[in-house]
Amino acid sequence: MYSSRLIESASGAQKFQLQCKGLNGLGPEWVPLQQDWSNRWCTLTERFTEEFVKRIHDFKTRSSDVFVVTFIKSGTTWMQELAWLLLNQIDLNGARNSDLLQRSPFLEESGLHPVALDSIATCDKIQSNPRLIKSHLPAQLLPQEIWTQDRKVIYVARNPRDVVVSTFHYFTGLKISNCSLDDFVDYFIADKVVFTTYWTHVIDFYRMRNEENVFFVTYEEMKRDLENVVRRLSRFLGCQQLSDSEMEKLVNHLSFKNMKGSNFVNYTALQEYTNLNDNFQFMRRGIVGSYKDELSSDSQNKINKWTESFLQEYGIAESDIFGHL
Ligand code: A3P
């Protein structure tokens with residue numbers, strides 16, 4: 001079912017790309033998308049052993065589970081905090097006093113870097129109900145039961161230019177990468193950065209946005225009208241609609257300034273990242289369009305061309321997904 005191939009990554013370290021197909025070569029038939037999956041490769045680290053991938057595939061879900069799925073640096077943390085609060089009766093005190101990663105663990109974290117406890121086992125053992133589980137995996141590599149049992153998935157997409165810029169700063173801050181931003185763009189487009197290919201990740205969820213168990217939203221929409229996203233998400237999760245005062249408190253809590261100031265959601269001080277660049281900031285700018293004053297016009301043009309050529313096959317314009325940036 002899985003095939004893999006070795007590649008050289010942006011950091012020069014060996015990574016591999018993983019592909020998942022159904023038995024008939026087309027599939028995987030459990031994902032609600034009928035398509036040829038032969039171009040769906042996902043770049044991962046060598047820690048993603050066959051056994052690890054299979055454990056994720058076979059991960060036992062529960063009917064109340066909610067998954068937050070994103071391509072990296074797309075507003076995952078922001079959405080996790082929002083979804084956790086909606087699922088926990090806007091327990092702002094709880095959110096202010098415990099690590100988000102404990103309230104909403106990261107399914108494949110052990111596949112990225114060593115963590116004290118096996119992340120799949122951690123997710124398996126969560127006592128709280130409902131569970132809110134984070135993942136950056138593309139649709140075809142997620143636990144199969146998400147699709148066969150219609151588990152709720154919240155998907156956040158963010159425009160590729162801001163994702164590249166944010167990922168570049170993140171990886172540079174973590175000393176995973178030390179190249180220039182222009183070089184990083186080349187690696188990103190060539191699928192040499194972990195979790196790429198970016199576009200197949202986003203487009204597959206965009207095309208599933210009307211599935212009953214999928215809530216599709218963009219970072220850009222969250223920035224434009226967070227209250228409306230809160231209302232939509234609240235309906236999707238089957239939560240009670242909020243009073244005006246609850247909404248006001250929630251939106252204030254979710255502001256960039258407030259989240260940046262909290263060590264429970266701002267991972268800048270995370271202990272597991274011991275070898276950080278001095279100027280590392282997890283909560284960096286928190287805006288739409290940081291690429292405009294950070295990416296060279298050459299890199300912007302490369303991303304535009306790559307995007308247009310990818311989306312052509314689907315008859316979709318980038319602005320259909322993200323609006324005009
Ligand atoms: P920037 O690097 O562009 O600032 P993820 O959680 O998926 O890793 O995404 C991180 C990105 O989301 C960072 O983007 C971070 O600043 C931004 N972010 C986190 N919380 C936010 C908030 N409350 N409002 C706006 N952006 C936020």
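Is Lys175 buried, partly exposed or exposed? Lys175 counts as partly exposed because its relative accessibility is 43%; buried means under 20% relative accessible area, exposed over 50%, and partly exposed in between, with a 1.4 Å probe and protein chains only. This is a predicted model, in which local features need pLDDT of at least 70 and side-chain atom pairs count only at pLDDT 80 or more, while totals for chains, interfaces and linings use all residues. Residues are numbered from 1 along each chain as its sequence is written, and side-chain values use heavy atoms, with hydrogens and water left out.

**Backbone features**

- Most residues other than glycine have a negative phi, and most peptide bonds are trans.
- Lys175, found in the loop between α7 (160–173) and α8, has a positive phi, near 60°. Helices (H or I, at least four residues) and strands (E, at least two) are DSSP runs, numbered from the N terminus.
- Asp191 also has a positive phi, near 65°, and lies in the loop between α8 and α9. Asp191 is buried because its relative accessible area is 17%.
- The peptide bond joining Asn129 and Pro130 is cis, with omega about 0°. Pro130 lies in the loop between α5 (119–125) and β5 (132–135).
- Another cis peptide bond joins Thr196 and Thr197, with omega about 25°. Thr197 is placed in the loop between α8 and α9 (198–207).

**The ligand and its surroundings**

- Around the ligand are 18 residues, of which Thr76, Thr77, Ser166, Tyr219 and Arg285 come nearest.
- A polar backbone atom of Gly75 is 3.1 Å from an oxygen atom of the ligand.
- The ligand taken alone exposes 570 Å², and the protein buries 98% of that. Accessible areas come from the Shrake-Rupley method with a 1.4 Å probe; for residues, only the protein chains shown count as cover.
- The elements giving two or more residues to the shell are α2 (76–87) and α13 (256–260). With three residues, α2 gives the most.

**The nonpolar core**

- The largest nonpolar core has 106 residues, of which Met79, Leu82, Leu86, Trp147, Ile154, Phe205 and Leu233 touch the most other members. Such a core is a set of buried Ala, Val, Leu, Ile, Met, Phe, Trp, Tyr and Cys residues joined through side-chain atoms within 4.5 Å.
- The element α2 gives the most to this core, with eight residues.
- Leaving out residues up to four places away in sequence, Trp147 touches Trp30, Val31, Pro32, Ala139, Leu142, Phe205, Met208, Asn213 and Val214. Contact means heavy atoms within 4.5 Å.

**Selected polar and charged residues**

- Glu145 lies in helix α6 (residues 144–148) and counts as buried, because its relative accessibility is 15%. Beyond residues up to four places away in sequence, Glu145 touches Phe59, Lys60, Thr61, Asp150 and Arg151.
- Asp186, in helix α8 (residues 181–189), counts as partly exposed because its relative accessibility is 32%.
- The side chains of Asp186 and Lys302 are joined by a polar contact of 2.8 Å. A polar contact is a pair of N or O atoms within 3.5 Å; within protein, one must be able to donate a hydrogen and the other to accept it, and residues adjacent in sequence count only if both atoms are side-chain atoms.
- Asp186 and Ser299 are 113 residues apart in sequence, and their C-alpha atoms are 8.1 Å apart in space.
- Ser290 is found in the loop between α13 and α14 (297–312) and counts as buried, because its relative accessibility is 1%.
- Lys292 lies in the loop between α13 and α14, and its side chain reaches the backbone oxygen of Leu325 at 3.4 Å.

Notes. Near = heavy atom within 4 Å.
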